[in-house]
Amino acid sequence: MTIADESRLDQAVGRAVRAERLLADELLVEAFATLEDAYTTAWRSTTIDDASGREKLFLAINVVGKVRDHLTAAVTNGKLAKAELKELAQTAERRKRFGIL
């Protein structure tokens with residue numbers, strides 16, 4: 001593995017920490033819930049002939065979910081990157097211990 005690969009893994013770990021903070025932030029959690037509720041309420045109260053309005057609101061609801069999913073994926077990727085970095089460090093330590101440089 002190259003230094004660039006390790007740098008990429010470090011970046012993924014850093015992004016995961018930031019994404020986790022965002023997902024735990026009360027204001028962002030509240031914003032997601034408020035938007036989803038408002039869009040869902042507006043979607044349910046559209047008239048039968050307002051297909052365009054329903055489609056736009058449906059898309060808006062899904063975008064909120066996709067933002068949350070993106071942050072969750074960043075957390076997951078960071079956890080995988082952290083595990084990979086740990087494995088690399090353990091492998092390097094074993095090589096050093098047994099004189100395999």
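The secondary structure of the protein chain consists of three helices and zero strands, in the order α-α-α from the N terminus. Helices (H or I, at least four residues) and strands (E, at least two) are DSSP runs, numbered from the N terminus. The model is predicted: local features need pLDDT of at least 70, side-chain atom pairs count only at pLDDT 80 or more, and totals for chains, interfaces and linings use all residues. Residues are numbered from 1 along each chain as its sequence is written, and side-chain values use heavy atoms, with hydrogens and water left out.

**Overall dimensions and surface**

The radius of gyration of the protein chain is 22 Å, whereas a compact globule of 101 residues would have one near 13 Å. This radius is taken over C-alpha atoms, and the globule rule is 2.2 Å times the number of residues to the power 0.38. Along the principal axes, the C-alpha atoms occupy a box of roughly 75 × 25 × 15 Å.

Of the 101 residues, 18% count as buried; buried means under 20% relative accessible area, exposed over 50%, and partly exposed in between (1.4 Å probe, protein chains only). The chain exposes about 7,800 Å², of which carbon and sulfur atoms supply 59%. Among contacts with a separation of 6 or more, 71% join residues 24 or more positions apart, where contact means heavy atoms within 4.5 Å.

The protein chain carries 16 positive and 16 negative side chains, and the centres of the two sets lie 8 Å apart. Lys and Arg count as positive and Asp and Glu as negative, while His and the chain ends are not counted. The place of a charge is NZ of Lys, CZ of Arg, CG of Asp or CD of Glu.

**The nonpolar core**

The largest nonpolar core has six residues, namely Ala19, Phe32, Val64, Leu71, Ala74 and Val75. Such a core is a set of buried Ala, Val, Leu, Ile, Met, Phe, Trp, Tyr and Cys residues joined through side-chain atoms within 4.5 Å. Helix α3 (residues 51–97) gives the most to this core, with four residues. Phe32 touches Val64, Val67, Arg68 and Leu71, residues up to four places away in sequence not being counted.

**Selected residues**

Val17 lies in helix α1 (residues 3–24) and counts as partly exposed because its relative accessibility is 36%. Thr34, in helix α2 (residues 26–44), is also partly exposed, with a relative accessible area of 47%. Leu85 belongs to helix α3; leaving aside neighbours within four places in sequence, Leu85 is in contact with Glu6, Leu9, Asp10 and Val13.

| Pair | Separation in sequence | C-alpha to C-alpha distance |
|---|---|---|
| Val17 and Val75 | 58 residues | 7.0 Å |
| Thr34 and Ser52 | 18 residues | 22 Å |
| Leu85 and Gly65 | 20 residues | 30 Å |

How values were computed. Accessible areas come from the Shrake-Rupley method with a 1.4 Å probe; for residues, only the protein chains shown count as cover.
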